[in-house]
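These are my notebook entries on one protein chain. I set down what I looked up, together with the cut-offs that apply.

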Amino acid sequence: MTIDNNDSKDFKVYILKCADDTLYCGMTNDLEKRIKTHNEKNGAKYTRGRTPVKLVYFETGYTMSEALKREAAIKKLTKAKKLKLINDFDIDTINEYRYKFEKGKPEHPFNKLSNIDFLIKINALRQSRQN
């Protein structure tokens, strides 16, 4: 039995902060490529005139259907609630941790990951420690 790609749990829901300080929510199965597409002005119409965009929040582990539902739910949140999600996520701390991690352990396999994959791994570790 083959697994339909849309049923795989590799979809992500994300929030970008645009150059004009507005927020954009989307979903994808390749976050790094999608952010690059947004910044090349080939992404969503909303972000084309608001580049550069910066990743400020993401969630992983969704099927395509689940990601679409979660994206819709986030889009319905007030800006204040979206900002709370972002502040609780604290991507800057994760980025700072990566810098310290790479500096102290240059041979570690995490250092071979893309920035997005690294953030996903570190975020999963942080969530598992909270549970």
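Does Tyr 46 count as buried, partly exposed or exposed? I found that Tyr 46 counts as partly exposed, at 32% relative accessibility. Buried means under 20% relative accessible area, exposed over 50%, and partly exposed in between, with a 1.4 Å probe and protein chains only.

Entry on the source. I note that this is a predicted model, in which local features need pLDDT of at least 70 and side-chain atom pairs count only at pLDDT 80 or more, while totals for chains, interfaces and linings use all residues. Residues are numbered from 1 along each chain as its sequence is written, and side-chain values use heavy atoms, with hydrogens and water left out.

Entry on the fold. I listed six helices and three strands in the chain; helices (H or I, at least four residues) and strands (E, at least two) are DSSP runs, numbered from the N terminus. The order from the N terminus on is β-β-α-α-β-α-α-α-α. Of the 131 residues, 37% count as buried.

Entry on the aromatic rings. I paired rings of Phe, Tyr and Trp (its six-membered ring) if their centres lie within 6.5 Å; planes under 30 degrees apart count as stacked, over 60 as edge-to-face and the rest as tilted. This rule gives two aromatic pairs. Tyr 14 and Tyr 24 make a tilted pair, with 6.4 Å from centre to centre and 50° between the planes. Since Tyr 14 belongs to strand β1 (residues 11–17) and Tyr 24 to strand β2 (residues 23–28), the pair ties together parts ten residues apart in sequence. Why is the pair of Tyr 24 and Tyr 46 stacked? I recorded ring centres 6.1 Å apart and planes at 15°, so this pair is stacked. It links distant parts of the chain, as Tyr 24 is in strand β2 and Tyr 46 in helix α2 (residues 45–48), 22 residues apart. Tyr 14, Tyr 24 and Tyr 46 form one aromatic cluster. Tyr 24 is buried, with a relative accessible area of 15%, and Tyr 14 is buried too.

I also checked the face of Tyr 46: Arg 50 lies over it, at 3.8 Å from the ring centre. A charge sits over a ring if NZ of Lys or CZ of Arg is within 6 Å of the ring centre and within 35 degrees of the ring normal.

Entry on His 38. This residue is in helix α1 and counts as buried, at 0% relative accessibility. Which side chain does His 38 join through a polar contact of 2.8 Å? I found that of Thr 47; a polar contact is a pair of N or O atoms within 3.5 Å, where within protein one must be able to donate a hydrogen and the other to accept it, and residues adjacent in sequence count only if both atoms are side-chain atoms. Not counting residues up to four places away in sequence, His 38 touches several residues, including Tyr 14, Tyr 24 and Val 53; contact means heavy atoms within 4.5 Å.

Entry on Asn 42. I placed Asn 42 in the loop between α1 (31–39) and α2. Asn 42 is exposed, with a relative accessible area of 51%. Leaving aside neighbours within four places in sequence, Asn 42 is in contact with Thr 37 and Arg 48.
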